[in-house]
Amino acid sequence: MIKVTIDGREIELEHPVTVLEAAKQAGIAIPTLCYFEGLTPFGGCRLCLVEVEKLPKLQTSCTLMTADGMVVRTETDQIRAARRSMLEFLLINHPLDCPYCDKAGECELQDLVARYGPEAGRFAEGKRRHPESFDDPIIVRNMERCVLCTRCVRMCNDLQGSYSISVTGRGSHSFVEPFSGGRYDCEYCGNCLTVCPVGAIMSRLHRHSYRPWFVEKETETVCGFCGVGCSMVLQMRENSIIRAIPRRGIGFNEGLLCVRGRFGYEYVEGGEELTTPLMKVDGELRQVSWEDAVSFVVKRLREIRDEFGGGAVGAIASGRCTNEDNYMLQKLVRFILGSNNIDSAARNYYAPAELYLERIFGQGITANLISGIANSDGVFVAGGDPTAINPILGLQVRSVWRSGGRVIVLGVPGGLKRFIPYELTPVPYSEEIVLSAIVGRLLEDKPLRGENAALEAKLRSLRIPSDDELGATGVSSEDIVRVAGDLSSMTTPVVVIGPDVVQRKRASKSLFLLGAIAYLTNARIFLLAERPNYQGLLDMGCLPELLPGGRPVELEMFRHKTEEALGMKAPEEKGLNLFEMIEAAAAGRLKALYVMGENPLFNIPDSAKVEKALENLDLLVVQDVHLTETARIADVVLPATAWPEKEGTFTNLERRLQRVRKARRGKMASYGRDDWKILADIAERLGMTKTYHRVEDVWEEIMHVSALHTGLGYEEIAGGSALWPYYGEPLRGMEGDFPVEGLDELPEVTVPEKPYLMIDRPLYHSGTFSRRSKALLGIHPGPSLVISPLLAERHGLSDGDKARISNGRGVLELKVKLDGDIPDNQVFLANTFEGFGAMGLIGFGTDSVLGSIYIDDNTVRVEKVLR
């Protein structure tokens with residue numbers, strides 16, 4: 001135990017900390033400008049100076065470690081004089097433009113000068129000048145205000161891992177700038193805005209339009225973009241979001257946000273939101289009243305159910321909607337209409353991957369803490385760039401490298417390139433061979449432990465590629481030896497699985513091999529999630545084979561328990577999945593489809609095929625915030641509330657339940673209704689006797705129905721510690737034998753005449769919602785075809801040229817963007833922008849084991865468009 005006396009107060013510490021931290025624990029405030037919690041101490045501003053007995057000079061409390069018996073004073077005449085002098089030095093070059101500086105009211109320098117002085121400056125030679133920079137689309141830099149605290153530099157280097165800015169110049173001409181000058185070459189996370197104590201780095205979104213006293217209300221909620229579930233605070237004025245900020249002490253993201261979370265909220269206030277229900281009349285969508293729209297939906301659903309049976313109705317749930325919304329949709333379809341035909345876009349990769357891994361290892365295998373990644377000594381990534389799909393999780397991977405661990409990436413490294421010791425980029429669709437070789441080498445180094453008989457039996461039957469077969473992938477046997485050696489040396493490894501590896505033929509084998517790597521190295525598994533509530537879809541029973549709580553619908557015991565809890569019957573057999581519903585609609589077997597918060601026409605490959613199937617339905621109902629591609633061909637469109645207008649819960653990829661709170665309310669909010677309310681209204685008119693008045697009523701029913709969520713109220717969830725398996729009953733004993741397609745085979749590696757069209761997952765966009773955010777469009781304004789310089793040279797293309805890509809499904813013309821990290825014979829296109837979605841030119845099949853899609857028939861012809 002360490003005893004320290006600060007300002008006459010005795011403090012006991014279990015571990016040595018800095019004097020600044022010890023004072024903070026005791027409630028004693030020591031002023032500082034360069035210190036920021038979470039960053040490496042710098043000691044540059046000299047404002048945290050303190051007196052320490054037996055030391056002749058003042059000491060910087062942010063760097064001085066406590067020692068037993070230390071006596072410290074934080075406020076003496078000498079200290080105040082020193083602080084006043086330091087502030088006078090800082091004000092020599094700092095402009096006195098507080099009245100119109102956007103930082104006024106929350107400027108730390110302003111507060112310190114008001115507290116310590118000086119009242120006037122003595123420097124008469126004039127201040128330095130540096131032009132204000134508007135080179136960046138969402139950030140404005142005024143280096144005349146910079147006090148060189150280096151908070152932004154340390155944030156960018158130590159936590160973000162972007163290494164985009166540094167202190168340039170010397171003496172009074174030192175400024176914080178990008179290395180190359182001009183525009184930032186960075187990820188625009190905006191975390192430098194969080195730490196800047198003055199108005200040197202500010203958001204252009206709030207330029208001359210924000211002051212702290214404008215904020216009328218703050219709402220703590222969870223980000224609505226990806227599956228990490230970062231906590232954030234929405235600052236409101238006149239029912240409009242004026243700023244989204246992180247805050248240390250809430251959530252596990254520790255005051256960090258990505259570019260989408262910080263700047264992307266604008267999509268809900270872009271003016272394109274639906275304001276009234278629409279109904280198709282004479283082939284055109286026309287505005288109607290809520291009563292007319294809901295009555296028509298109820299009438300047609302009842303008629304279709306009565307004539308064709310419940311199996312003729314299906315529903316698509318949403319990873320952007322809350323657990324309460326999704327639960328209500330499955331209740332309407334399963335228990336009111338009598339159909340298990342319910343699925344979501346999580347079927348594309350997330351749901352099948354998790355369910356398959358749980359068949360191998362048991363339920364909860366992916367329920368691992370994101371913050372624990374940083375404590376690992378190695379990470380193996382396959383199937384996507386975590387720094388783009390789940391950016392804050394990606395920062396945890398980067399931190400492993402900074403701590404001396406190894407990061408290995410199978411595929412294009414993206415935002416992890418500077419953090420890997422070597423690249424492992426096989427030719428397209430040969431990942432299975434590389435993974436088989438890695439597992440084969442690990443089996444030579446790692447003996448089987450006998451803990452998973454089914455997995456080990458299949459490992460003994462696994463075909464290991466020869467050196468010649470491996471050579472066809474572009475990866476050498478020496479690379480495999482190096483990878484296996486690195487994996488074998490890790491003691492606390494992590495395996496991160498992205499969507500790309502699941503959207504391949506024989507995805508079950510790739511998942512089995514990744515599971516084998518995790519098993520042989522005793523690694524934790526993380527499954528990347530593109531939407532904030534993919535996990536909640538599984539837990540709420542929005543799958544054709546699962547009931548709420550993740551219970552199999554075909555097991556009579558679980559089905560009866562759910563039926564008894566609700567007093568309602570559910571169909572005995574599992575329903576159709578997302579792709580089977582599309583096929584059934586095309587064949588005329590599915591008559592009605594209810595789509596909530598999803599855009600299948602844009603987000604499922606082969607858009608022409610999907611559109612033809614949806615147009616063959618007798619009834620297509622779309623419930624959404626905007627008029628999406630799917631909504632345009634619907635029979636009825638119902639306006640729903642956007643993410644900041646929702647109240648409820650999300651479940652993130654680590655299976656942490658978190659509260660989503662409503663920020664926008666009343667007349668100034670959108671004209672949509674809560675998704676669960678719309679569904680409850682329809683269900684009541686179709687015979688449901690239960691009435692819901694608040695979203696809390698829906699959650700209380702979930703607690704009653706789902707064995708996984710028993711006893712878990714909103715109060716416990718709000719505390720931030722609602723981690724799987726909560727207070728409920730996880731489903732044990734479901735693991736066992738599992739099928740693996742092609743265990744004793746290897747795929748044939750072919751080089752097509754035309755390049756493959758691959759799905760790009762850019763950092764600056766998330767699905768189709770972000771295309772309505774002005775801030776994100778400022779960074780990434782439109783679609784682009786990302787190709788390698790080698791492919792561009794063969795086709796006579798340069799950066800910025802226009803290229804045409806085409807196949808039997810369509811033709812697109814796009815600007816070219818060169819990227820040296822992209823492998824040859826591949827072109828990348830995001831599925832974000834209307835009219836330019838990658839999915840429209842891609843074919844797909846359904847994996848026979850997982851039930852997920854695999855990308856197929858996706859080659860395109862590339863031509864230069866002559867002007």
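This is a predicted model: local features need pLDDT of at least 70, side-chain atom pairs count only at pLDDT 80 or more; totals for chains, interfaces and linings use all residues.
Biologist: Why is G338 called partly exposed?

Modeller: The relative accessible area of G338 is 34%. Buried means under 20% and exposed means over 50%, so with 34% G338 is partly exposed. G338 lies in the loop between helix 8 (323-336) and strand 16 (342-344).

Biologist: What does G338 touch, not counting residues up to four places away in sequence?

Modeller: G338 touches G310, G311, V333 and P571. Contact requires heavy atoms within 4.5 Å. From G362, by comparison, G338 is 24 residues apart in sequence and 30 Å apart in space, C-alpha to C-alpha.

Biologist: What makes strand 18 (406-410) and strand 20 (524-527) edge strands?

Modeller: The open sheet has four strands in the order 18-17-19-20, with parallel pairing. Strand 18 and strand 20 each have a single partner strand, so one side of each has no neighbour in the sheet. From one strand to the next the twist averages 15 degrees.

Biologist: How do you know that strand 17 (residues 378-382) and strand 18 pair?

Modeller: Pairing needs at least two bridges. Strand 17 and strand 18 have five bridges, in the parallel sense, so they count as paired. V381 stands opposite V409 in strand 18.

Biologist: Which helices pack on the sheet?

Modeller: Helix 9 (residues 350-361) does, touching strand 19 (493-497) and strand 20. The direction of helix 9 makes about 160 degrees with that of strand 20. Helix 17 also packs on the sheet, touching strand 17, strand 19 and strand 20. The direction of helix 17 makes about 170 degrees with that of strand 19.

Biologist: What makes a set of residues a nonpolar core?

Modeller: Its members are buried residues of the nonpolar types, joined through side-chain atoms within 4.5 Å. The largest such core here has 210 residues, and I497 is among those with the most contacts inside it. Helix 17 (residues 507-521) gives the most to this core, with 10 residues. A second, separate core has 47 residues, including F579, L601, I759 and F844.

Biologist: What is I497 in contact with, leaving aside its neighbours within four places in sequence?

Modeller: Among the contacts of I497 are L357, A382, L511, L514 and F526.

Biologist: Which residues of helix 24 (residues 675-685) are buried?

Modeller: They are D675, W676, I678, L679, A680, I682 and A683. These buried residues pack against several elements, including helix 7 (290-308), helix 8 and helix 25 (695-705). Helix 24 is followed by G687, whose phi is positive, near 120 degrees.

Key:
Residues are numbered from 1 along each chain as its sequence is written. Side-chain values use heavy atoms; hydrogens and water are left out. Buried means under 20% relative accessible area, exposed over 50%, partly exposed in between (1.4 Å probe, protein chains only). Helices (H or I, at least four residues) and strands (E, at least two) are DSSP runs, numbered from the N terminus. Axes are lines fitted to C-alpha atoms, for helices over the stretch in contact, and angles run from 0 to 180 degrees between N-to-C directions.
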